[in-house]
Structure formats: C-alpha cells, structure tokens
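Dear colleague,

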Amino acid sequence: MAEAGKEPFQRTPDSSRLARMIRRLETQRIALEWAAAEISGLPGPVIELGLGKGRTYDHLRLLMPEREILVFDKLLHAPKDCIPPEADFFLGDFLETAGQARERIGEGAVLAHADIGSDDREKDARRVAAMAPVLDRLLRPGALVLSDREMHVARWQRVDVPNMPSNWVYYAWRVVGA
C-alpha cells in the first residue's frame, strides 16, 4: 500500500529485471552471430572480456569451434562446463593480464566481446576509458569489437549490426588502420 500522498511506483512487464535480461541476451546473441559471420574469413583469436556465468563464452564456442577464445575476468564464478581451459583464461584485472596474452594473440585478435557493464555508469565509464586503449593493442585491422558500454578509440569505426533490436543498446566497431 502506498503512503498517503505518494504515488506507487508504476511498473510494467517490460520494466522487470527478467524482461531487461531477456532483451540484453537477445541483443547479445544477434550481435555475436553477426560478428561470427563477418569475421569468418579472417585469421586470429577471439577475446571475451567478462566471463561472468559463461553464457556468451559458451555461445562463442558453438559459433566458432575452430577459433581460440581467450577469456579475461577478475573473478571466476561460471558453471564448470563454461570455464575455459586454464591456458585460455586470464584471471585478474584486464589492465594487468592483457600483457600476458599479447604473445599468444600474435598479429591480433579478430573479435573482442566486452560484457563489462554494471549498474554504476560512472565507474563503468572510467573503467572503459582505461581498458579501451589496452584492448586496441590486442586487435588486428579488420577486427570487430562488441560491447555493452561505449568506447572511444581513434581507429575504431562504429558499425551497425543488422536486425539489432532497438530496445537494448549495444555497440559495435570495426578496427580500421594499423
């Protein structure tokens, strides 16, 4: 019951956490499937920033079974069947572990997926500003970057993902130039 003089918070089925999660996951699936087709002829590994529960990592394995997928996260809390092989998992702060992967990546990764957002947009913006140039050094020309947070790197050109739902914001860039 609402307090006297206060309107109750108006919620709709589309505003629930479940509805938002569904929109987010549908958007990620569409973006990942588009990216897999776009990079199919390019050599190089894939970078997954933010393993989380392993949902997108699991989908990337299905979409690109022949690709090496290097995963970075501060914590490990994914189900056992979604934990990458030890050699492909870099546990710790990305700003510190990215250098460890540089030699393995060789000429550069062909796709980076960064699912790194939180409920704190200001903190995310600071984190992304520090991470984006480090991530850029791991990518080859022609690579794609997908992210739930906007990043600004001079050699990244915004691209539109076809059939992307308009009810969830997701970002895509192609790395141009050397």
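**Notes on the structure**

Leaving out residues up to four places away in sequence, Phe-90 touches Leu-70, Val-71, Phe-72, Asp-73, Thr-97, Gln-100, Ala-101 and Arg-104, where a contact means heavy atoms within 4.5 Å. Phe-90 lies in strand β3, residues 89-91, and it counts as buried because its relative accessibility is 8%, buried meaning under 20% relative accessible area, exposed over 50% and partly exposed in between, with a 1.4 Å probe and protein chains only. Between the C-alpha atoms of Phe-90 and Val-128, which are 38 residues apart along the chain, the separation is 18 Å.

Before going further, please keep in mind that this is a predicted model, in which local features need pLDDT of at least 70 and side-chain atom pairs count only at pLDDT 80 or more, while totals for chains, interfaces and linings use all residues. Residues are numbered from 1 along each chain as its sequence is written, and side-chain values use heavy atoms, with hydrogens and water left out.

**The chain as a whole**

The protein chain has four helices and seven strands, where helices (H or I, at least four residues) and strands (E, at least two) are DSSP runs numbered from the N terminus. Their order along the sequence is α-β-α-β-β-α-β-α-β-β-β. The radius of gyration of the protein chain is 18 Å, close to the 16 Å that the globule rule gives for 178 residues, so the chain is as compact as a globular protein of that length; the radius is taken over C-alpha atoms, and the rule is 2.2 Å times the number of residues to the power 0.38. Along its principal axes, the C-alpha trace spans about 65 × 35 × 30 Å. Of the 178 residues, 44% count as buried, and among contacts with a separation of 6 or more, 63% are between residues 24 or more positions apart.

**Helix α1**

Helix α1, residues 17-38, has 22 residues and reaches 31 Å from its first C-alpha to its last, close to the 32 Å expected at 1.5 Å a residue, the expected span being 1.5 Å times one less than the number of residues. Its buried residues include Ala-19, Arg-23, Thr-27, Leu-32 and Trp-34. The buried residues of α1 pack against α2 (55-63), β4 (109-114), β5 (139-147) and β7 (171-175).

Tyr-57 is placed in helix α2, and it is buried, with a relative accessible area of 4%. Apart from neighbours within four places in sequence, Tyr-57 is in contact with Glu-48, Leu-51, Ile-69, Val-71, Cys-82, Ile-83, Pro-84 and Pro-85. Tyr-57 and His-113 are 56 residues apart in sequence, and their C-alpha atoms are 9.3 Å apart in space.

Is Ala-87 buried or exposed? Ala-87, found in the loop between β2 (69-73) and β3, is exposed, with a relative accessible area of 53%. From C-alpha to C-alpha, Ala-87 and Val-71 are 9.6 Å apart in space, and they are 16 residues apart in sequence.

Asn-163 is found in the loop between β6 (156-158) and β7, and it is exposed, with a relative accessible area of 71%. The phi of Asn-163 is near 65°, a positive value in a residue other than glycine. Most residues other than glycine have a negative phi.
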